Amino acid sequence: MTAAPETVPATVESAQATADVAAATRTYEVRTYGCQMNVHDSERLTGLLEDAGYAPFARPGAGEAGTTAEAVPDVVVFNTCAVRENADNKLYGNLGHLASVKARHPGMQIAVGGCLAQKDRSTITERAPYVDVVFGTHNIGSLPVLLERARVQEEAQVEILESLDVFPSTLPTKRESAYAAWVSVSVGCNNTCTFCIVPALRGKERDRRPGEILAEIEALVAEGVSEITLLGQNVNAYGVESGDRRAFSQLLRACGSIEGLERVRFTSPHPAEFTDDVIEAMAETPNVMPSLHMPLQSGSDKVLRDMRRSYRSAKFLGIIERVRAAIPDAAITTDIIVGFPGETEDDFAETLRVVRESRFASAFTFQYSKRPGTPAATLPDQVPPAVVKERYQRLAALVDEIAWEENKALVGRTVELMVAEGEGRKDAETLRLSGRAPDNRLVHFAAPEERVRPGDRVTVEITHAAPHHLVADRVLGSRRTRSGDAWEARTAAPAASAGVGLGMPGVGVPAPLPPVNACG
């Protein structure tokens, strides 16, 4: 298949009309890489495809009857990330694997979207000419009609828009969880961090109206959702379009008045825009959870300047101090980059100092990697890989040491958990279930005598601590919830399993952050 010139933008309305018939019995699978924005976008892609008549591909298990022939989806969609250096290699490696599969299955289609598609555009079809559709971050609603157009015209369709066609939250969405949901408050980013390519691919920040956000949350609660995570590239910059600097704290307080909404989280804020009114709203709104993800990136003021991060270590530590004064039980997590160009041993020592003073509950640590198109990629004094690796190991050891100490301090404490689905990889072996505490710590707990479902609540006593999780062998009580009812209703339905494969942790209760350095 040869690549066609970039096409005239397809509309969401025409997408459904033209794709309904052709997609009546076709199956799909969405494979997601990257940050929580991509996870939520994949929920929309799934909703669009099913709205257009596609069915989720149910991958057969090993040894199932009738699986002697190779079973593959009719459509595979890659929702890509462009943050890490190996993102390109991962995508093209996966595409190469599918080339021979597609050759054996005429009619199979491959689509590539997300940040890497926005960046590489027609380069994707040049490097992988068997790809049928390339679409960007601003026009995910066009996917069904582009698939149909590629099928009819028998040539690749490359459609990249430079700004939003339709605000993504207006698109059909198939939520991955019955009890917890992402809710976008904005898209895009106005910052210019030298290591980050996301603003160039997601565009300038655009905010949703608060009434639209609250209406979506109320609708989700009516369906059984009891936990929502407000989502934005720099979520606390919400209100930048209107000039209202208190818009985000007002939104948090408004969430507190929604009956049936038990837990509210948000990610990811930026230290430069993190104001005291947000801390006050967190402390004074009972359903806003005591957890905060605050990206540090570096503890060195020199490196922060080189990164164009508009705060310094003293400001960051001041935020942490004020949050802990207002919310003593808050669990604070972060992102840190090791080996940014020009980082010296003294700079790295400053990062270790800030980590010790901040006492993070956990941290996502990254070895710096060049991203073509970012200012940092051409900076002098690139740090040798061996030095970066050694520093990374020292930082990871310190983060784990502090996290373990913080977790051990919780032994003996009573907490209420939201029962989670798919978060305990060894639950079957240990005869435990898993859930999230209010501060978002993962807790593996002994299965109670009475049946509990994902979305229900259990009250437990913490009996053991590890660096990355807690264990509760004493269950003190449980509470059935509307969220558990919603999960049970969904799983009892005869629908096929969702055709979304994640290249990151699952999205039952949204995890604190996937291990990808998102903008923030």
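Strands β16 (residues 432-436) and β17 run antiparallel and are joined by 5 bridges. Two strands are taken to pair if DSSP finds at least two bridges between them. Helices (H or I, at least four residues) and strands (E, at least two) are DSSP runs, numbered from the N terminus. The model is predicted: local features need pLDDT of at least 70, side-chain atom pairs count only at pLDDT 80 or more, and totals for chains, interfaces and linings use all residues. Residues are numbered from 1 along each chain as its sequence is written, and side-chain values use heavy atoms, with hydrogens and water left out.

H444 has V471 in β20 as its bridge partner. Strand β17 is mostly covered, with 4 of its 5 residues buried. Buried means under 20% relative accessible area, exposed means over 50%, and partly exposed lies in between (1.4 Å probe, protein chains only). In a regular strand the side chains alternate between the two faces of the sheet.

A salt bridge is a side-chain nitrogen of Lys or Arg within 4 Å of a carboxyl oxygen of Asp or Glu. The partner of R436 is E423, and the closest N and O atoms are 2.6 Å apart.

R453 forms a salt bridge with E488, with the closest N and O atoms 2.9 Å apart. R453 sits in the loop between β17 and β18 (457-461) and E488 in helix α16 (residues 482-492), so the pair ties together parts that are 35 residues apart in sequence. R453 is buried, at a relative accessible area of 1%. E488 is partly exposed, at 27%. Salt bridges that share partners join R451, R453, D456, R480, D485 and E488 into one network.

The structure holds 34 salt bridges. Another of them brings together the side chains of E216 and R175 (2.5 Å, N to O). E216 belongs to helix α8 (residues 210-222) and R175 to the loop between β6 (157-159) and β7 (180-184), so this pair ties together parts 41 residues apart in sequence. E216 and R175 are both buried. Side chains of opposite charge can pair when their charged atoms come close.

An unreviewed UniProt entry places the feature "binding site" at C35, C81 and C115. These positions span 81 residues in sequence, yet no two of their C-alpha atoms are more than 10.5 Å apart, so they gather at one spot. UniProt positions are given in the numbering used here, feature names are shortened, and annotations may be inferred rather than shown by experiment. C35 is found in the loop between β1 (27-32) and α2 (36-51). C35 counts as buried, at 13% relative accessibility. C115 lies in helix α4 (residues 115-120). C115 is buried too, with a relative accessible area of 7%. Leaving aside neighbours within four places in sequence, C115 is in contact (heavy atoms within 4.5 Å) with T80, C81, A82, T137, L201 and R202.
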